[in-house]
Amino acid sequence: MTIVEKAAYLRGLAEGLGLVPDDSAQGRLWAALSELLGDMAREIEDLQSAQLDTAEAVEELARILGGVSVTDAVMDNAREMKQLALEL
(Lines give C-alpha, C1' and ligand atoms only; values in the text may rest on other atoms or scores of the structure.)
Protein backbone atom coordinates (compact mmCIF):
# COMPACT_ATOMS: atom_id res chain seq x y z
CA MET A 1 0.00 0.00 0.00
CA THR A 2 1.45 3.38 -0.98
CA ILE A 3 1.60 6.32 1.39
CA VAL A 4 -1.20 8.05 -0.53
CA GLU A 5 -3.35 4.93 -0.25
CA LYS A 6 -2.67 4.77 3.49
CA ALA A 7 -3.70 8.41 3.90
CA ALA A 8 -6.89 7.74 1.93
CA TYR A 9 -7.58 4.67 4.07
CA LEU A 10 -7.25 6.72 7.27
CA ARG A 11 -9.54 9.40 5.85
CA GLY A 12 -12.12 6.73 5.00
CA LEU A 13 -11.75 5.24 8.46
CA ALA A 14 -12.34 8.63 10.08
CA GLU A 15 -15.40 9.17 7.89
CA GLY A 16 -16.67 5.66 8.68
CA LEU A 17 -16.34 6.36 12.41
CA GLY A 18 -18.35 9.54 11.96
CA LEU A 19 -15.43 11.81 12.83
CA VAL A 20 -15.38 13.51 9.41
CA PRO A 21 -17.39 15.45 8.36
CA ASP A 22 -18.62 16.73 11.66
CA ASP A 23 -19.35 20.28 12.75
CA SER A 24 -17.84 19.72 16.17
CA ALA A 25 -14.40 21.03 17.04
CA GLN A 26 -13.04 17.49 17.03
CA GLY A 27 -14.60 16.76 13.65
CA ARG A 28 -13.07 19.89 12.13
CA LEU A 29 -9.70 18.96 13.63
CA TRP A 30 -9.87 15.42 12.20
CA ALA A 31 -10.92 16.80 8.81
CA ALA A 32 -7.99 19.25 8.78
CA LEU A 33 -5.52 16.57 9.91
CA SER A 34 -6.83 14.17 7.29
CA GLU A 35 -6.46 16.78 4.55
CA LEU A 36 -2.95 17.65 5.73
CA LEU A 37 -1.97 13.98 5.80
CA GLY A 38 -3.21 13.52 2.24
CA ASP A 39 -1.33 16.60 1.04
CA MET A 40 1.86 15.45 2.74
CA ALA A 41 1.52 11.95 1.30
CA ARG A 42 1.17 13.33 -2.24
CA GLU A 43 4.15 15.64 -1.71
CA ILE A 44 6.28 12.72 -0.46
CA GLU A 45 5.34 10.68 -3.53
CA ASP A 46 6.31 13.60 -5.77
CA LEU A 47 9.66 13.96 -3.98
CA GLN A 48 10.32 10.22 -4.26
CA SER A 49 9.60 10.35 -7.98
CA ALA A 50 11.91 13.34 -8.45
CA GLN A 51 14.63 11.60 -6.45
CA LEU A 52 14.37 8.51 -8.67
CA ASP A 53 14.59 10.68 -11.79
CA THR A 54 17.68 12.39 -10.37
CA ALA A 55 19.30 9.08 -9.46
CA GLU A 56 18.72 7.78 -12.97
CA ALA A 57 20.26 10.93 -14.46
CA VAL A 58 23.30 10.63 -12.18
CA GLU A 59 23.73 6.97 -13.14
CA GLU A 60 23.55 7.89 -16.83
CA LEU A 61 26.16 10.64 -16.37
CA ALA A 62 28.41 8.25 -14.47
CA ARG A 63 28.05 5.73 -17.29
CA ILE A 64 28.87 8.38 -19.92
CA LEU A 65 31.80 9.78 -17.97
CA GLY A 66 33.07 6.39 -16.85
CA GLY A 67 35.52 6.23 -19.75
CA VAL A 68 36.88 9.72 -19.13
CA SER A 69 40.01 9.90 -17.05
CA VAL A 70 42.06 12.85 -15.92
CA THR A 71 45.76 12.35 -16.44
CA ASP A 72 48.51 13.70 -14.22
CA ALA A 73 49.55 16.05 -17.01
CA VAL A 74 46.06 17.56 -17.16
CA MET A 75 46.02 17.98 -13.37
CA ASP A 76 49.48 19.58 -13.43
CA ASN A 77 48.31 21.96 -16.14
CA ALA A 78 45.21 22.86 -14.11
CA ARG A 79 47.36 23.56 -11.04
CA GLU A 80 49.69 25.76 -13.08
CA MET A 81 46.76 27.71 -14.53
CA LYS A 82 45.31 28.20 -11.07
CA GLN A 83 48.66 29.42 -9.76
CA LEU A 84 49.01 31.87 -12.66
CA ALA A 85 45.50 33.18 -12.02
CA LEU A 86 46.33 33.74 -8.35
CA GLU A 87 49.51 35.64 -9.27
CA LEU A 88 47.60 38.05 -11.50
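How many helices and how many strands are there in the protein? In the predicted model, the protein has three helices and zero strands. Along the sequence these elements follow the pattern α-α-α. The radius of gyration is 27 Å, well over the 12 Å that the globule rule gives for 88 residues, so the protein is more spread out than a compact globule. Taken along the principal axes, the box filled by the C-alpha atoms is roughly 75 × 35 × 10 Å.

Buried residues account for 8% of the 88 residues. The accessible surface of the protein amounts to about 7,400 Å², and carbon and sulfur atoms contribute 62% of this area.

Helix α1 comprises residues 3-16. At 1.5 Å a residue, its 14 residues should span 20 Å, and the C-alpha atoms at its ends are 20 Å apart, which agrees with that expectation. Just after α1, Gly 18 adopts a positive phi of about 80 degrees.

The side chain of Ser 34 is joined to that of Arg 11 by a polar contact of 2.9 Å.

Asp 39, by comparison, has a relative accessible area of 38% and is therefore partly exposed, a value that falls between the limits of 20% for buried and 50% for exposed residues. The side chains of Asp 39 and Arg 42 are joined by a polar contact of 2.5 Å. In an α-helix there are 3.6 residues a turn, so residues three or four places apart point the same way. Asp 39 and Ala 62 are 23 residues apart along the chain, and a distance of 35 Å separates their C-alpha atoms.

Conventions
Residues are numbered from 1 along each chain as its sequence is written. This is a predicted model: local features need pLDDT of at least 70, side-chain atom pairs count only at pLDDT 80 or more; totals for chains, interfaces and linings use all residues. Side-chain values use heavy atoms; hydrogens and water are left out. Helices (H or I, at least four residues) and strands (E, at least two) are DSSP runs, numbered from the N terminus. The expected span of a helix is 1.5 Å times one less than its number of residues. Buried means under 20% relative accessible area, exposed over 50%, partly exposed in between (1.4 Å probe, protein chains only). A polar contact is a pair of N or O atoms within 3.5 Å; within protein, one must be able to donate a hydrogen and the other to accept it, and residues adjacent in sequence count only if both atoms are side-chain atoms. The radius of gyration is taken over C-alpha atoms; the globule rule is 2.2 Å times the number of residues to the power 0.38. Accessible areas come from the Shrake-Rupley method with a 1.4 Å probe; for residues, only the protein chains shown count as cover.
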